[in-house]
Amino acid sequence: MKTLETKSMVLLRHHLKALRLPTIGAECEKVAHQAAADNADHLTYLLQLTELELLEREKRAAERRLKAARFPTIKTLDTFDFTARPSVNKTLVTELARGEFIDKRENVLLVGNPGTGKSHLATALAVAACHKGYKVRFFRATELVTTLIEARDERTFLRLKTQLAKLDLLVLDELGYVPASKVGAELLFEVISTAYERTSLIVTTNLPFESWTEVLGSERLTGAALDRLTHRCRIIETKGESYRLHDAKTRTRRTRNPDPVAKTGTTQTD
Ligand code: ADP
Ligand code: MG
């Protein structure tokens with residue numbers, strides 16, 4: 001009996017490997033003991049194993065999507081302090097985190113001064129999208145422009161454009177920090193045009209609309225880019241002072257007047 005069991009186990013492992021079901025392979029014995037103890041029937045046992053395999057698969061796929069998105073730092077909504085940024089509508093952000101705007105090919109534009117949480121919110125929404133199964137890529141706008149210019153010279157431009165076209169969501173962070181060159185501006189405009197009604201964009205910027213011409217150079221290009229970006233677009237304004245400054249001030253106040261009751265200060269980590 002013992003040898004028979006061992007032989008079936010070896011065969012089972014082989015079949016599960018051939019079928020690419022590693023989690024079932026790893027868990028089947030443990031779950032079998034539990035099922036015997038619970039008096040669970042065969043179908044329940046099979047259901048539990050397939051559920052474990054699916055969960056593990058989804059987890060690994062989400063990890064791959066998060067890696068492919070190349071976030072500079074992972075940020076999530078649960079570390080965003082909405083009370084510190086009352087201009088940001090929590091209900092809207094929570095709704096956006098469900099990802100339906102991506103199915104509708106809508107865009108999100110985050111406008112506000114430096115340090116007011118634009119990149120945090122953009123990343124958190126994009127991370128949520130990765131978990132929901134969307135293909136995401138995060139770029140600093142200047143980084144994308146440089147990559148596009150280099151790709152054009154290396155003639156790998158088409159490959160990069162094909163990669164971009166496969167995305168569900170493209171994040172362009174810090175549009176406007178550095179004015180793009182004429183070529184850079186045209187390439188950036190091309191990305192925005194190609195994405196229009198095909199790929200959702202999340203754009204963060206510290207520039208008010210009237211200053212966009214400084215980035216894209218020409219009024220014609222700026223008008224056309226803004227037209228595409230803001231058509232079907234949710235705009236979130238992060239008004240107020242920099243969070244780092246606010247955080248530093250709060251910490252200084254706490255050090256000066258230590259509050260013996262409040263042991264847990266800010267949980268913010270960078
Ligand atoms: P911006 O992109 O607008 O310049 P960031 O998103 O980079 O600002 O924010 C600066 C730092 O402050 C980041 O570490 C970010 O996580 C943090 N931060 C900003 N706003 C908040 C907030 N409301 N709650 C928690 N952390 C915040
Ligand atoms: Mg930023």
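This is a predicted model: local features need pLDDT of at least 70, side-chain atom pairs count only at pLDDT 80 or more; totals for chains, interfaces and linings use all residues.
1. Axes are lines fitted to C-alpha atoms over the stretch in contact, and angles run from 0 to 180 degrees between N-to-C directions.

2. Now look at α2 (residues 22-38) and α3 (residues 42-69): they pack at an angle of about 145 degrees, with axes 9 Å apart. Among the contacting residues are Val31 and Ala35 of α2, and Leu49 and Arg60 of α3.

3. Stepping back, the protein chain has twelve helices and five strands (strands are DSSP runs of E, at least two residues). Of its 270 residues, 37% count as buried, meaning under 20% relative accessible area with a 1.4 Å probe, protein chains only.

4. Along its principal axes, the C-alpha trace spans about 80 × 60 × 30 Å. Of the contacts in the protein chain with a separation of 6 or more, 80% join residues 24 or more positions apart.

5. A reading tip: residues are numbered from 1 along each chain as its sequence is written, chains are lettered from A and ligands numbered from 1 in written order, and side-chain values use heavy atoms, leaving out hydrogens and water. Local features need pLDDT of at least 70 and side-chain atom pairs count only at pLDDT 80 or more, while totals for chains, interfaces and linings use all residues.

Definitions and conventions
Helices (H or I, at least four residues) and strands (E, at least two) are DSSP runs, numbered from the N terminus. Contact means heavy atoms within 4.5 Å. Buried means under 20% relative accessible area, exposed over 50%, partly exposed in between (1.4 Å probe, protein chains only).
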